[in-house]
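Me: Please take a close look at a single part of this model. I would like one connected account of a domain interface.

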Amino acid sequence: MKTEQLKTLFYDEVAKCNHCGFCLAHCPVYTVTGREWATPRGKNVLVKAIIEGKIDWTPEIEETLFRCTGCKLCTQTCFPAVETNQAVLAGRECLVDRKQYPKVVDRVVEALETHFNISNEPNANRTLWMEKLEDIPDHRFQKEKARVIYFVGCVAAFYPMAHKIPQTFVQILHKADVDFTILGGEEWCCGFPLIQAGMKEKMQKLVEHNQEKVKEIGAETVVFACPSCFHTWKEKYQTNAELLHSTQFIERLIGEGKITFQNGADRAVTYHDPCDLGRNSKVFDAPRNILKRIPGLNLVELEGNRQLSVCCGGGGDLEMIDPALSAAIAQRKIEEIQRTGAGEVVTSCQQCIRTISGYARKHKIKLKVRDITEVVLEAMGSPL
Amino acid sequence: MERERMVEELSKIVGKENVLSSETDLFLYGYDASLFKAKPDCILFPGSTEEVSQIVKFCHREHIPVIARGSGTNLSGGTIPTRGGIILHFSRMNKILEIDIENQRAVVEPGLFTLALKNQLARYGFVYQPDPASEKVSTFGGNFAENSGGPHCLKYGVTTNHILGAEVVLPDGEVIQVGGKALDNPGYDLTGLLVGSEGTLGIATQLTLRIMPKSEAVKTMLAIYNSLEDAGRTVSAIIADGIVPATLEILDKLTIKAVEESVHAGFPLDAEAVLLIEIDGLKDGMERLAERIMEICRKNNAREVKSAKTEAERTQLWAGRKGAFGALSRLRPNYLVCDGTVPRTKLPEVLVQVMEVSKKYGLTIANVFHAGDGNLHPLILFDERDEEELRKVHLAGSEIMKLCADAGGTISGEHGIGTEKMKEMFFIFSPQDIAAMRKVKKAFDPEDICNPGKILPEVQA
């Protein structure tokens with residue numbers, strides 16, 4: 001994007017920011033850095049100054065604009081609801097146009113262009129998580145036609161720490177007699193990392209491929225356990241298929257009597273709303289309704305819950321661009337979780353799990369971090 | 001002094017990682033929530049009183065201005081480095097040092113958010129009373145400097161009534177202790193002098209606060225009016241009846257509209273004004289008092305009076321008030337808050353005059369204010385990018401201040417004078433008054449190091 005376009009698209013938006021500073025109370029990046037550059041207010045001011053020609057694209061502006069988790073808690077709590085993250089992403093597009101962006105981004109772009117996934121492995125490896133599953137059907141959950149597609153997502157497919165999510169979710173779907181398939185090596189990245197990197201024009205190829213697959217398979221529904229894939233599809237894809245997050249789909253299956261819970265456990269858990277699922281896609285009730293149905297489970301809410309949930313630190317490519325900053329935010333998240341007194345946090349996002357449990361493990365903090373699919377399968381009883 | 005050398009010297013005090021001086025950072029510390037802008041020479045993040053003292057000593061020696069800053073929420077340009085210099089951002093000094101329930105005191109660092117203390121106090125059933133609308137992010141250092149108010153200050157007093165002592169770094173870098181946990185300190189009341197001095201006499205590095213047990217009961221009511229004047233008259237009538245509610249807040253039609261679009265507080269869109277009334281105290285007799293207040297509202301033509309039934313309803317009503325300024329920027333991108341105060345009985349006529357100013361300049365003005373204190377907050381709405389409009393805004397703002405002063409009021413209720421209202425100081429003070437204040441400034445800060453160019457206008461000889 002050129003600076004002139006930035007002006008056309010975002011001048012009025014950032015001009016709405018009155019510098020009141022209320023966002024400083026919420027922004028996770030400011031909370032851990034205590035620097036004005038980190039604030040949504042500061043980002044609005046810089047974008048406005050760029051548009052007005054009062055400041056040039058300095059290296060510090062690059063640093064600033066690439067340090068936003070995209071959690072949008074600022075917009076949620078901003079009275080004029082300034083869309084700071086939208087302006088930040090547009091700013092990144094301008095920086096990309098000037099070839100001024102963190103070099104680590106190129107690695108991801110290259111991986112996406114070569115292998116259509118973020119991990120730079122052959123795309124056929126997308127199903128390696130299945131090897132740990134026993135007694136699975138011959139079709140290995142890959143069918144030519146199915147009513148439902150489970151879109152696994154890159155992180156869950158390639159990062160062993162998140163493998164449990166597809167492993168449990170396919171079992172849930174199978175046990176509930178859902179006619180579903182995964183796309184296996186034919187699943188391509190949804191394009192989310194490219195939007196975050198300020199290169200959204202490069203995602204079109206990925207979008208078209210995935211949309212075509214849905215048509216070929218004739219699916220009525222596409223289900224995602226990854227909130228960011230889910231949100232990206234909802235925002236950027238054109239398809240007639242119904243798009244649901246795993247929590248919404250599980251809630252439906254419970255309603256239809258296809259999922260029942262046999263195993264209870266008397267324990268307290270807290271629930272962390274992933275930004276892209278909760279605030280950004282407005283799915284708050286489905287995960288809570290599921291947890292409430294599990295016998296013995298006592299849900300204790302976090303101080304910042306639902307619309308006011310605080311990011312884990314893993315959003316918006318931040319973990320890739322500034323791992324230390326991401327970890328500092330995760331630390332705050334863990335402290336908030338610990339204040340609930342629950343020894344277990346349940347969430348519905350592989351990235352939140354990676355960020356939170358990654359920090360906990362590294363710092364030897366005793367905390368159970370689980371995806372809701374694991375909790376559901378456990379409560380359903382015996383595995384596949 | 002050259003910036004490079006300055007940064008090098010200061011890095012020795014706070015560490016390299018706590019100094020910022022890039023062009024971008026200078027830009028980022030050149031604004032606050034007011035309309036003013038200027039660039040500092042560098043920004044420091046001190047971690048202790050000792051560091052602050054050393055920095056100020058350096059500034060004193062080198063004749064460099066030093067400006068303390070918290071969240072930069074102030075509305076009068078108090079933290080704008082109009083003469084350049086060093087910004088001290090207190091985001092690292094943000095701890096609660098002590099909560100002393102038995103003596104009803106708390107000791108905090110200046111960078112702590114007001115609400116962060118309140119959240120901790122709530123566990124003990126205690127409260128720090130002042131409640132600036134920006135409390136979720138306003139810092140105690142800022143509250144101290146600006147003598148911040150808030151809706152509940154009607155009953156409980158402003159910040160100065162709740163700061164009992166402070167550790168202060170003087171403009172020569174010496175550290176002194178003023179006041180303390182005890183009441184009635186002998187000697188000059190330097191605490192009283194320093195609170196509200198907008199960082200021009202010294203920099204607070206630790207504050208001793210009065211905390212109070214939370215009221216046993218609270219009742220929040222909303223009176224709805226078809227005329228703004230009637231809402232104003234009700235305020236005077238309530239006070240004249242000998243009642244001191246915790247808050248009396250008025251929002252006019254334009255504000256109501258903006259608030260409803262933003263937070264849905266449940267204010268009726270066709271009303272000309274709403275009056276938000278809160279009483280607190282003992283449970284016994286509260287219903288009777290509420291009934292008396294509602295009766296006064298009805299006598300003054302309130303078309304409807306209702307009370308919040310649940311804590312959620314109460315929170316909702318307050319969300320409407322606290323979010324009012326921000327919500328107004330949905331209507332136009334920018335606003336100027338005119339923080340004038342008038343004797344309560346003059347509210348209705350001054351409000352009418354404010355509306356005349358609005359017509360005269362063709363500017364939209366919204367009213368949302370601490371009516372109980374007679375503290376008006378006309379908000380002039382505009383688009384900063386329109387230079388002609390901006391010029392008119394400054395003229396209209398000044399004219400409104402004049403109206404307040406002429407009505408026997410004053411030009412700041414709680415936001416301070418800062419950069420914004422220096423020349424308006426003459427509306428309420430004689431040159432002799434200003435000269436007396438300047439003597440105080442000279443006594444503390446003869447070199448004019450601490451937040452120079454604020455509050456006091458130049459007096460022509």
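Reply:

**A domain interface in chain B**

B:E135 and B:K322 join their side chains in a salt bridge, 3.0 Å from N to O (a salt bridge is a side-chain nitrogen of Lys or Arg within 4 Å of a carboxyl oxygen of Asp or Glu). The model is predicted: local features need pLDDT of at least 70, side-chain atom pairs count only at pLDDT 80 or more, and totals for chains, interfaces and linings use all residues. Residues are numbered from 1 along each chain as its sequence is written, chains are lettered from A in the order written, and side-chain values use heavy atoms, without hydrogens or water.

The domain assignment of chain B lists domain 1 (3–91), domain 2 (94–213), domain 3 (215–324) and domain 4 (332–422). Such bounds come from an automatic or database assignment.

Now the pair formed by domains 2 and 3 of chain B. Their C-alpha centres lie 29 Å apart. Eight residues of domain 2 of chain B and 12 residues of domain 3 of chain B make the contact (heavy atoms within 4.5 Å).

Together the two domains bury about 920 Å², with 53% of it on carbon and sulfur atoms. Buried area is the accessible area (1.4 Å probe) that two parts lose on being put together, summed over both. On the domain 2 side, B:P151, B:L154 and B:K155 supply 53% of the area buried against domain 3 of chain B, more than any other three residues.

Across the interface of domain 2 and domain 3 of chain B, the rule finds two salt bridges.
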